[in-house]
Amino acid sequence: MRLAADPQHPDYNATMLPGNVYLNGEWLAHCIFADEDSGEAVCAALNSDGSIYLVDDEFATEVKCGHIRIERRTTPGAAGFDAWMRERTGAAHAAYMAHHSAGGQAYA
């Protein structure tokens, strides 16, 4: 399986996001792209204090190789809470709009 976090990438799959990527059994933070078949993951490079390293206003990346495993995250984790919350909020808004478009319900 291949998975990309960028919506413009051909391997972007919104139904798999948020996802967890593991390299040799260890969770990868800041993963941008992962390929289980080739055993490669592209992650944001971090500087010495753990912040994302920028080069000319773009973040630097590094390729990590080994055994890659991709899993869909079903519960929010500390690193993916914002994405999880956006997904839940988007689903609730879509349900509300569908209900409202169908005539809604009069409240007294």
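First, the ground rules. Numbering starts at 1 along each chain as its sequence is written. Because this is a prediction, local features need pLDDT of at least 70, side-chain atom pairs count only at pLDDT 80 or more, and totals for chains, interfaces and linings use all residues, while side-chain values use heavy atoms, with hydrogens and water left out.

Layout. The protein has 9 strands and 1 helix, with helices being DSSP runs of H or I of at least four residues and strands runs of E of at least two, numbered from the N terminus. In sequence order the pattern is β-β-β-β-β-β-β-β-β-α. There are 108 residues, and 21% of them count as buried; buried means under 20% relative accessible area, exposed over 50%, and partly exposed in between, with a 1.4 Å probe and protein chains only. The accessible surface is about 7500 Å², and carbon and sulfur atoms hold 54% of that; the areas come from the Shrake-Rupley method with a 1.4 Å probe. Taking contacts (heavy atoms within 4.5 Å) between residues at least 6 apart in sequence, 49% join residues at least 24 apart.

Next, the pocket. Rolling a probe the size of a water molecule over the atoms shows where empty space is left. Here a pocket is an open set of points on a 1 Å grid over the protein atoms alone, where a 1.4 Å probe fits, with protein on both sides within 12 Å along at least five of seven lines; lining residues have an atom within 4 Å of a point. The largest pocket has a volume of about 700 Å³, the volume being the space filled by probe spheres set on the points, which are joined across faces, edges and corners. Its lining has 27 residues, and A5, L17, P18, C31 and A83 lie nearest the centre. At least two lining residues come from each of β1 (2-4), β2 (19-23), β4 (31-35) and α1 (81-101).

Now the core. In soluble globular proteins, nonpolar side chains tend to be buried together. A nonpolar core here is a set of buried Ala, Val, Leu, Ile, Met, Phe, Trp, Tyr and Cys residues joined through side-chain atoms within 4.5 Å. The largest one has 10 residues, including L3, L28, I68 and I70. Each of β2, β5 (40-44) and β9 (68-72) supplies at least two of its residues. Leaving out residues up to four places away in sequence, L28 touches V21, L23, A41, C43 and K64.

Last, the loops. Most residues other than glycine have a negative phi. Which way does phi go at H30, positive or negative? For H30, phi is positive, near 60°. H30 sits in the loop between β3 (26-27) and β4 and is partly exposed, at 40% relative accessibility. Beyond four places in sequence, H30 touches V42, C43, A44, L46 and I52.

D57 lies in the loop between β6 (54-55) and β7 (58-59) and is exposed, with a relative accessible area of 76%.
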